[in-house]
Amino acid sequence: MQPTASHFINGRYVEDTTGEAIEVIYPATGEVIAQVHAATPAVIEQALASAEAAQREWAKRSGTERGRVLRRAADIIRERNRELSILETYDTGKALQETLYADATSGADALEYFGGLAGALTGEHIQLGADFAYTKRMPLGVCVGIGAWNYPTQIACWKGAPALACGNAMIFKPSETTPLCALKVAAILVEAGLPAGLYNVVQGMGAVGSALVEDPRVAKVSLTGSVPTGKKVYAAAAAQMKHATMELGGKSPLIIFNDADVENAVSGAMLANMYSTGQVCSNGTRVFVQKGVKDAFLERFAERCAAIKLGDPLDEETHLGPMVSEAQMDIVLSYIAKGKAEGATLVCGGEQLERDGFYVAPTVFADVTDGMSIAKEEIFGPVMAVLDFEDEDEVIARANDTPYGLSAGIFTNDITRAHRVVDQLEAGTCWINTYNLAPVEVPFGGVKASGVGRENAKAAIEHYSEIKSVYVGMTPVDSAY
Ligand code: NDP
């Protein structure tokens, strides 16, 4: 798993062993599988200088030419899906059964989608009597992407693809916990014909991210991570009036009404809480269940939880792997302890598994109340909190009573109720009778403390380009003085 070198800059792997060593730990065993080094100031300088020079030339190319490179990269990623998925599993511990379908493939989707869109980016013509104006869509320049550890390949592509399609350069800093996958994305882009310097990967902790954000040559920053880090990075970007996209955490509600199909709602709640071992920002971790279906829901959920195969993530029969790191496992276990101490009813799970690696049993708490820590704070693990409710107005008010607003879900067979409730939910993405689907064609992002800006879809173009308006005078200037 040892990469050729720690960084990928100006079209090639770059090493500088004077940077602080970062050990890459396989979460399923706790073994060190690779080592990279944090970027030194000299490495950061190389990344910035090469990106700045390359971007000027890239912006001059037609959108169709740019898009062709991205679509070729998408094809290469699909051809190597298995190899990339295995790497994703080593980097994160997520089950191969999942990474084969959700990680490199969704990265390829983003490259294909924005590759297709690149040639279709246009401004508009505005007729003003004899005069007219037109708008041009301009790239921003050098963009910085900072990734979280839960989707290292996907995040590298979700940020890189729209940035490159719009004529920008991207410098990507992966999470120090999962440094391996983004290097492959960079190498594949170059193999697909991307000119050197346009997609650079530099490793490091928060300090490296911060040095990039604060450099005046950087025009935009896009972060996926926690709310506290988002506040710091957003403030640093604002200090220099930079563009910013903040893709942050949540404590999203999933509401199950008495009239829902219970089996379908259980499936939705499974995906909303257990997928990626619970390490998904949009997870619906506050599951509000109307009292009439509570018992049936809990009984069926517990039965299906018991059937989850937890174990070796490289075994394709395994559903769930370990937590990404020992530190994240400890956070999750501390919330489980709080849930027990604060009086929630443990339905299943609730413990670390006795085996190597960072495994936590899928855990469900019932009788959770709004004030409990497990109902208020983002846990980022396989821990579901079930809260009872009586009626629609009550549940909408309680669902919105959070500083977050990333996502929300609702299960009901009443079509008017579905749309009425969704209209009132304070969330960037809502799902009706499904959960956690985030195809590239649909904008994704949060409201309130869950972030600003949108990733994916045509909406992302707005966040990686800006409009230049050009007014053309066709008659002599009419000046009164
Ligand atoms: P962080 O928010 O701490 O880190 C996200 C990224 O930002 C990492 O690459 C991190 O580097 C970098 N970073 C940290 N500080 C700065 C800074 N001052 N300037 C620039 N970059 C910085 O998330 P973690 O990965 O540590 O996860 C912690 C929590 O975040 C989780 O428990 C979960 O609640 C939430 N989270 C949310 C995700 C989402 O999708 N919205 C995804 C993952 C986590 P490094 O990690 O190398 O220090």
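Select Asp367 to begin: it is partly exposed, with a relative accessible area of 33% (buried means under 20% relative accessible area, exposed over 50%, partly exposed in between, with a 1.4 Å probe and protein chains only). This is a predicted model, in which local features need pLDDT of at least 70 and side-chain atom pairs count only at pLDDT 80 or more, while totals for chains, interfaces and linings use all residues. Residues are numbered from 1 along each chain as its sequence is written, and side-chain values use heavy atoms, without hydrogens and water.

Asp367 sits in the loop between strand E15 (363–366) and helix H13 (373–376) and Lys294 in helix H11, so the pair ties together parts 73 residues apart in sequence. Helices (H or I, at least four residues) and strands (E, at least two) are DSSP runs, numbered from the N terminus. Lys294 is buried, at 15% relative accessible area.

Next, select Asp259, Glu392, Arg417 and Arg420, which salt bridges with shared partners join into one network. Within it, Arg417 pairs with Asp259 at 3.6 Å between the closest N and O atoms. Arg417 is in helix H15 (residues 415–424) and Asp259 in the loop between strand E12 (253–256) and helix H10 (262–273), 158 residues apart. Arg417 counts as buried at 15% relative accessibility, whereas Asp259 is partly exposed at 28%.

Move to Arg82 and Glu316, whose side chains meet in a salt bridge (2.8 Å, N to O). Arg82 belongs to helix H3 (residues 81–92) and Glu316 to the loop between helix H11 (294–306) and H12, so this pair ties together parts 234 residues apart in sequence. Arg82 is partly exposed at 42%, and Glu316 is partly exposed at 36%. The whole structure has 24 salt bridges.

For the surface, select Ile126, Leu128 and Tyr471. They form a nonpolar patch with about 280 Å² of accessible area together. Patches are made of residues with over 30% relative accessible area and no salt bridge, like charges being joined within 9 Å and nonpolar side chains (Val, Leu, Ile, Met, Phe, Trp, Tyr) within 5 Å; accessible areas come from the Shrake-Rupley method with a 1.4 Å probe, and for residues only the protein chains shown count as cover. Ile126 lies in strand E5 (residues 125–128).

Which residues are the closest to the centre of the largest pocket? Select Trp149, Thr224, Gly225, Ser226 and Thr229, out of 37 lining residues. The largest pocket has a volume of about 870 Å³. On a 1 Å grid over the protein atoms alone, a pocket is an open set of points where a 1.4 Å probe fits, with protein on both sides within 12 Å along at least five of seven lines; lining residues have an atom within 4 Å of a point. A volume is the space filled by probe spheres set on the points. Helix H8 (206–214) is one of the elements supplying at least two lining residues, and H8 gives the most, with five.

Finish at the second largest pocket, of about 490 Å³. Tyr151, Gln154, Trp158, Asn436 and Ala438 lie nearest its centre, among 26 lining residues. Helix H6 (152–165) is among the contributors of at least two lining residues, and H6 has the largest share, three residues.

Note on methods:
A salt bridge is a side-chain nitrogen of Lys or Arg within 4 Å of a carboxyl oxygen of Asp or Glu.
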